[in-house]
Amino acid sequence: MPRRHSWAEPYKIKMVEHLRMTTRAEREVAIAEAGFNTFLLRSDDVYIDLLTDSGTSAMSDRQWAGLMMGDEAYAGSRNFYHLETAVRQFYGYRHVIPTHQGRGAEHILSIMCIKPGDFVPGNMYFTTTKAHQELAGATFVDVIVDAAHDPLDESPFKGNVDLAKLEALIARVGADRIPYLCMQTNVNMAGGQPISLANIKATSQLCRRHGIRIMMDATRAVENAYFIRKREPGYENHSIAHILLEMCSYTDGCTCSAKKDSLVNIGGWLAVNDDDLAEQARNLVVLFEGLHTYGGLAGRDMEAMAIGIEESVQYDHIHARIGQVEYLGQTLLRFGVPIVRPIGGHGIFIDAARFLPHIPREEFPSQALAAALYVQSGVRAMERGAVSSGRHHDTGENIFPKLELVRLTIPRRVYTQAHMDVTAEAVVDLYENARDIVGLRFTFEPKYLRFFQARFEPVIGAKVLRSAPVEAGMHVDAMAALGDGI
Ligand code: F0G
């Protein structure tokens, strides 16, 4: 048996938050009341919350201390200058405009740069990013490599831009109608898959040749930097901070949701190098977010962000964070659960199409699986398939993306390995009884970002999970069978 080389958390626990344990009967009522949408559950009814890694991280004692140092001046708060210094130091951009969260920055970037009729290429869509591009009048064009759409493809950099697709778009519509390329790091909807530095560089060269700006979505850029260090030849001895700076150096600016990498519960920013663009952004942020030195945040939030940025690039932190995701993924793989490979940075993405081959795409297998997992175990996951994709801009038809996934997203510094084991047991139990899961249909469908507030009902009967397998936390045999860890 191979010797185990463990990672362990580079911190210890100072305070705990109690979780409520529920019965399966309680959860059946809760999910029905929530319209079989895990977004509509009350968090009090959730045991292990893997809905998202956004804003759900545990802050450090230094960050909590930073909250007490909040300078709540309307203008020129000292915490803004700390944030500006941190972004300049670790991301390297000149101008920093805080926003209440990532989509605030996306909104400002979109209305500032996009004219109706424009096209915005990107390495796979993200829901809010694309919605803002479309609201401003653009059409999003996916230019990610084909491998990203194949859950079984083991390529190390499935977040890469396909340069031929980008060139074809430029040839078709002309560079004048492409205000910028949106380059996502650790591509969320592809399963948290990284982009390589070589690809960032090549994409940047192509864009610069055509006078097209590159705006990075730096939401999970630190996690991406970790994969570059692990997988890209020549970077194994570089610090995460060094790699991050190099990634950003090939771009003209970024939007960032600080609720992920930067270890805070709220916050984001827009950063640009161009002085004129920065002036416009500072002007627009006043309309939608708040003055350019607070952008919808309290001074204390900006302080926590500044400290979080510095903590996020520490190797021990990011190694343990991604190590925990890897642990959950490897456990599921041992039981043959179909998940997106390679294992990504912020969560495990279950391939619901392969998990539930008996449920047609029109009955939203991912939505059904997320609801069933909650009933089974109290673990809350998120649909990342057709419901998230929405409808075609022009035809109004449902979009069925190649990937029909359920995301088990791991908050940073929050859960223990035992929580990962309980989650894995619940998923394995469901996988063994997959035919008990019933498809869903809409009973209410909102116009924008429908996955957040949509409601559903089972296509047959009243329950999404028909039989009653084992209660979560009680099923130890599966884990005993695991033997050695990773
Ligand atoms: N870009 C990416 C890649 C994201 O994952 C998100 C948010 C945003 C932008 C928007 O940032 O939420 O701060 O406004 N992702 C969350 C998630 C919602 O659960 O993946 P935000």
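1. The ligand shell (residues with a heavy atom within 4 Å) divides into two nonpolar, nine polar and seven charged residues. Here Asp, Glu, Lys and Arg count as charged; Ala, Val, Leu, Ile, Met, Phe, Trp, Tyr, Cys and Pro as nonpolar; the others, Gly among them, as polar.

2. This is a predicted model: local features need pLDDT of at least 70, side-chain atom pairs count only at pLDDT 80 or more, and totals for chains, interfaces and linings use all residues. Residues are numbered from 1 along each chain as its sequence is written, and side-chain values use heavy atoms, leaving out hydrogens and water.

3. The shell holds 18 residues, the closest being Thr 52, Arg 103, Asp 217, Ser 257 and Lys 260.

4. A polar side-chain atom of Asp 217 sits 2.6 Å from a ligand nitrogen atom. A polar side-chain atom of Gln 101 lies 2.8 Å from a ligand oxygen atom. For Gly 102, a backbone N or O atom lies 2.8 Å from an oxygen atom of the ligand. The protein covers 96% of the 470 Å² of accessible area that the ligand has on its own (Shrake-Rupley method, 1.4 Å probe; for residues, only the protein chains shown count as cover).

5. Which domains supply at least three shell residues each? Domain 1 (24-53 + 315-482) and domain 2 (61-312) do; the bounds come from an automatic or database domain assignment.

Definitions and conventions. Polar contact = N/O pair within 3.5 Å; in protein donor to acceptor, adjacent residues only side chain to side chain.
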